[in-house]
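Student: I would like to go through the strand pairing and the chain contacts, with the reason for each term. Please show me the model.

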Amino acid sequence: METKQDTINRLRKEILAKQGFKPELASTSHIKGLSEIEAAFPNGVFPTGMIHEMLFQKGEEAAACSGFLGALLSSLTVPESIILWISVGRNLFPPSIKTFGIEPHQIVFVDATQEKQVLWALEEGLKCQGITAVVAELRELSFSQSKRLQLAIEESHVTGFVLRTDATKLSTTTCVSRWQVTALPSETNDGMPGVGFPKWNVELLRVRNGQPGKWEVGWHGNQFQIAQQEAKKAINYQKLGRLRA
Amino acid sequence: MHKRYMSLWFPTLKTDWKTIRQPELAKVPFVFSTSEKNRLIISACNSIARSSGLHVGMRLADAKAILPDLCVQQDSEDRELKLLKAIGEWCIRYTPLVSLDLPDGLVFDCTGCTHLWGGEENYIREIKARFKSKGYTVRAAIADTIGAAWAMARFSKSTVIEPRSQKLAMSNLPPSALRLDDVTLDKLRKLGFRTIHSFSAIPKSNLRRRFGDLLLLRLMQAYGEVEENFKPLNVPEPYQERLAALEPIRTRVGIEIAIRELLNVMCNRLVGEGKGIRNAVLKTFRIDGKQQSIDIGTNQATCNVDHLFKLFEQKIETIRPALGIELFVLEVTLIGDADISQKSLWTGKTGLADNGVLELLDKLAGKVGSKAIRRYLPQERYWPERSIKQTNDLKEIPQTYWPTDALRPTQLLSKPEVILVTAPIPDYPPMNFRYKDDLHIVKRADGPERIEREWWLDKGEHRDYYIVEDQHGKRYWLYRSGHYGADQTQWFLHGFFA
């Protein structure tokens, strides 16, 4: 006998399928330490084979975003996979990406001279199955342009990240999500002096068929940690300390 | 194989060229003039002017006295060179080896080409007819040596000199048929040598003593006793395919078909040799004589026609067919060893071993330029700007590990920006700094990390780097150039941490 909840769940999935969201496209592997953010996406899985949008303004914000993106990419890739990074006037310093678990020589940089070339290269890259992810720094992306990218991706299942360098030019797109990453004061273990593990305020401004939200995420050497867990752990440490004392 | 050369002479090259463009000049005496030593002299004259007694090198004032209604045009410096080059390139249809013979001729190495036109007589007849229909007066002769062909084209009516008979054929020609300078010719004339055979029997040592080396050299070159250097206009490519169009091609579809045809033939040949294309050029020859070319390059040697075609396809727009293209030539300028792999059932390779990725990168390189596609490899150097090595090679693997001991910023400014800081005591991180008019109060800091300049490469101060975090949690990479308190100490912001 089907309960009411089951019926609603089944209907929700049907609606999703009719809206064009294909659950079989998304991978079933989870990202270590990001389960709470993943829960915001439909079916509770970070959607690969989709296009994500990230706000990427020059300077501090770009730094925080590229750190988070690097960490995200490292959990999507294997050592031999190739990432395409297309941009005009790039400031990314490759050796730093190693901190987030990617070998910098896995990234092939395409330094275009015009914004138009970036868009073209992005589409070509998204069509190529051998590539794991394509990252493109773009100022503008119109709705019809994003539709083209979506069509390219539907056959190849490549994951795309569009870094929007101009926040004033945002418009509706077909991208599956829009992220904003800003820096938060870093954390050190046990209150040691100095700059500690990077920590970010990760906002999901919009998610297609999902739940937008806001999280405090840290990167602890090789995996993500979401703040509330850390808070709990910190308490545990304190308790342990007391017990030992 | 026995060499055969053809010399082509344009007696009135420049005036013919002008007459083709201005047909009304055909019926009037017409000369080109050029200034030499502050006076105007004739540099070329047409046949009407010549029949009235004008000749090259005559003063223009004298010529005008003879023919008051003479039509005069200003000559330009390297006109004949440009003209001959263009004509020479057009002549590649008759032989792949064409050489310039300044100031008024061309030399063909027509060895093994003439039978395609039905013998040497017909070869010359065809070329002459072709030039005549365009409006050029030409004279030509074929002989065993360049010297003999040159002489016969200019000084004799016979056009084909049978092999090994150039000595006999040239015996009655004047000494000027030997391409000599004026001084030697003057000497020969004064001594009464009117024909070549009158002095060709004189012992060589005597000739050299009287007239110098040049005469002997020219004589031996004409007779075929000394090899003469032949410098072809275009060195033929060993991997070259030609496709002549029956009718001029004017459409994109036509060009696409031509490219596919050429690639099919070329790739079939290369597959047999175990090679593949790395760089190739497609040249198109238009019926109005214009030549256009497009070139492609690949990251690995390939014989995949579809892929190569796609690379050419990107650039087809740049070809302007105008009235039509009559000849397509595909040249492979760089070949490489291709591993002719079995067609795999599924694409199992990942990353840069995957053909799909390589083909994508070829495509991108075709559009944005191969220099714009780069990877970075670690280098064992500390100076941040030099700690990475840029490479365009997709196969290159890192020779060392990426360093993980020192943190590096995710965004590095290509040019460090000057900032104002308040720093308490030497070797302490700054308390605050001003960047782009914002005051950042340093809450946490790491450092200093001193990086010395590579003194064998450039001069300057060392850098003391600090990682700092401001009141908003934003992280920066700052450095002080030089020692604390020194005169030229300056603080810079070099990057942003994640």
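Student: What makes strand E2 (residues 83-87) and strand E4 (residues 133-138) of chain A a pair, and in which sense do they run?

Tutor: This is a predicted model. E2(A) and E4(A) are joined over four bridges, in the parallel sense. Two strands pair if DSSP finds at least two bridges between them, so E2(A) and E4(A) count as paired. Within this pairing, A:Ile86 stands opposite A:Ala136.

Student: How many bridges does E2(A) make with strand E3 (residues 107-111) of chain A?

Tutor: Five bridges, again in the parallel sense. A:Ile83 has A:Ile107 of E3(A) as its bridge partner.

Student: Why is E2(A) called mostly covered?

Tutor: Five of its five residues are buried. A residue is called buried because 20 or more other C-beta atoms lie within 10 Å of its own. A:Ile83, A:Trp85 and A:Ser87 point one way and A:Leu84 and A:Ile86 the other, and all are buried.

Student: How do you know that E3(A) pairs with strand E12 (373-378) of chain B?

Tutor: Two bridges join them, running antiparallel. The cut-off is at least two bridges, so the pairing qualifies. One bridge partner of A:Phe109 in E12(B) is B:Arg374.

Student: Which residues count as chain contacts, and how many are there?

Tutor: Residues are in contact if their C-beta atoms lie within 7 Å. By that rule, 45 residues of chain B touch 42 residues of chain A. Helix H14 (355-368) of chain B gives the most to the chain B side, with eight residues. That side has 24 nonpolar, nine polar and twelve charged residues.

Methods
Residues are numbered from 1 along each chain as its sequence is written. Chains are lettered from A and ligands numbered from 1 in the order in which they are written. This is a predicted model: local features need pLDDT of at least 70, side-chain atom pairs count only at pLDDT 80 or more; totals for chains, interfaces and linings use all residues. A residue is buried if 20 or more other C-beta atoms lie within 10 Å of its own, exposed if 12 or fewer, and partly exposed in between; C-beta atoms are placed from the backbone. Two residues are in contact if their C-beta atoms, placed from the backbone, lie within 7 Å. Ala, Val, Leu, Ile, Met, Phe, Trp, Tyr, Cys and Pro count as nonpolar, Asp, Glu, Lys and Arg as charged, and the others, Gly among them, as polar.
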